[in-house]
Amino acid sequence: LLGKSVGFSEECVGPVAKEKIAALKDGELLILENVRFHGEEEKNDAEFAKQLAESADIYVNDAFGSAHRAHASTEGVARILPVAVSGLLMEKELKYLVEELRDPKRPFLVILGGAKVSDKIQVIDSLLEKADTILIGGAMAYTFALALDRKIGKSLSEPEHVETAKRALEKAKVKGVKFLLPVDNIIAEEVDFKARKVSPTKVTEVGGNIPDGWEGVDIGPETAKIYNAEIANAATILWNGPMGIFEIADCAKGTFSVAEAIANNTAATSIIGGGDSVKAVKKAGYSDKVSFISTGGGASLELLEGKPLPGVTILQDK
């Protein structure tokens, strides 16, 4: 990219790194070995951070995906050096995940999927304060179905989090947030994730239960229609988590239809919030049709939960 050669040091601290850094002429570049080979990195060891900072005048953090961790390279070094700033990617992440969502254009639509309610409950709780509509998909939908006394067969769920799901449904009612769950599902008798196969599959009736011995693997066609209509009407869209087991072709239609609907709403600001939704939107072939794709899985979630990210907070302090 730079049209010049970049040197490499087999160590990020110590005599080898120091020697190579000292030999650099103005305008020359050196990349240091991965800091994660040192246990002190994740402990945010002060001495290790000092060693990393020794040869530098300016710290630039462009690793948004690690900004939720207070490690030596994300927090410790920034504390030491006089100048600590964000890179261009970090700036873009904060623009979309913080600024755009601070006062989103309305209607503001949130699409949440993935396996566990427990992973997303704080995000749901935080976004219920802002969203006009929330669409739920993925295996977490079956925990919500249990909260509404529906039968879910052998679908993946978290019975221990049914009360949590009930509280979220209640909060949505109180806040006047449209909280939509799947009205039909694609179900399968057997799922072989390793072989990427399900057999056989069928669609449940609208409003119907999932029979014993079957498991939900995707949202059904009627749900996709309802969700796509909501997407078409939104001005700001935040999507985090797939609608089903999109890695298996027979269970990918719901996720891909959501990706297509988001891509078709060219007037909206569309934000794909890290993790599997990024893989899904790329696999569906619409990654160039959305406003922003976040690079951070855990970092995106923590930011959406309203938690401060140590790697960002230290830059703001500076």
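1. G216 counts as buried, with a relative accessibility of 8%; buried denotes under 20% relative accessible area, exposed over 50% and partly exposed in between, for a 1.4 Å probe and protein chains only. The model is a predicted one, in which local features need pLDDT of at least 70 and side-chain atom pairs count only at pLDDT 80 or more, while totals for chains, interfaces and linings use all residues. Residues are numbered from 1 along each chain as its sequence is written, and side-chain values use heavy atoms, with hydrogens and water left out.

2. G216 belongs to strand β10 (residues 215–219); helices (H or I, at least four residues) and strands (E, at least two) are DSSP runs numbered from the N terminus. Neighbours within four places in sequence aside, G216 is in contact with Y142, S155, I186, I187 and I210, where contact means heavy atoms within 4.5 Å.

3. The largest nonpolar core comprises 40 residues, and F64, L112, I124, I134, I136, F144 and F179 have the most contacts inside it. Two or more residues come from each of α5 (88–102), β5 (108–112), α6 (117–127), β6 (133–136), α7 (140–147), α8 (162–175) and α12 (298–304). A nonpolar core is a set of buried Ala, Val, Leu, Ile, Met, Phe, Trp, Tyr and Cys residues joined through side-chain atoms within 4.5 Å. Another core, of 25 residues, lies apart from it and includes I219, A261, I262 and V290.

4. With neighbours within four places in sequence left aside, I136 is in contact with L112, A141, F144, F179, L180, L181, P182 and Y227.

5. The axes of α6 and α7 come within 10 Å and cross at roughly 80°; axes are lines fitted to C-alpha atoms, for helices over the stretch in contact, and angles run from 0 to 180 degrees between N-to-C directions. The two helices are therefore roughly perpendicular, a label for angles of 65 to 115 degrees. In this contact, V117, K120 and I124 of α6 meet M140, T143 and F144 of α7.

6. In helix α11 (residues 276–284), the residues S277, V278, A280, V281 and A284 are buried. Viewed down the axis of α11, the buried residues fall within an arc of 160°, so they line one face of the helix; the arc is that of the directions from the helix axis to the C-beta atoms. K279 and K282 are exposed on the other side of α11.

7. The buried residues of α11 pack against β11 (236–240), α10 (253–264), β12 (269–272) and β13 (292–293). G285, which follows α11, has a positive phi near 90°.

Notes: Angles under 35 degrees count as roughly parallel, over 145 as roughly antiparallel, 65 to 115 as roughly perpendicular and the rest as oblique.
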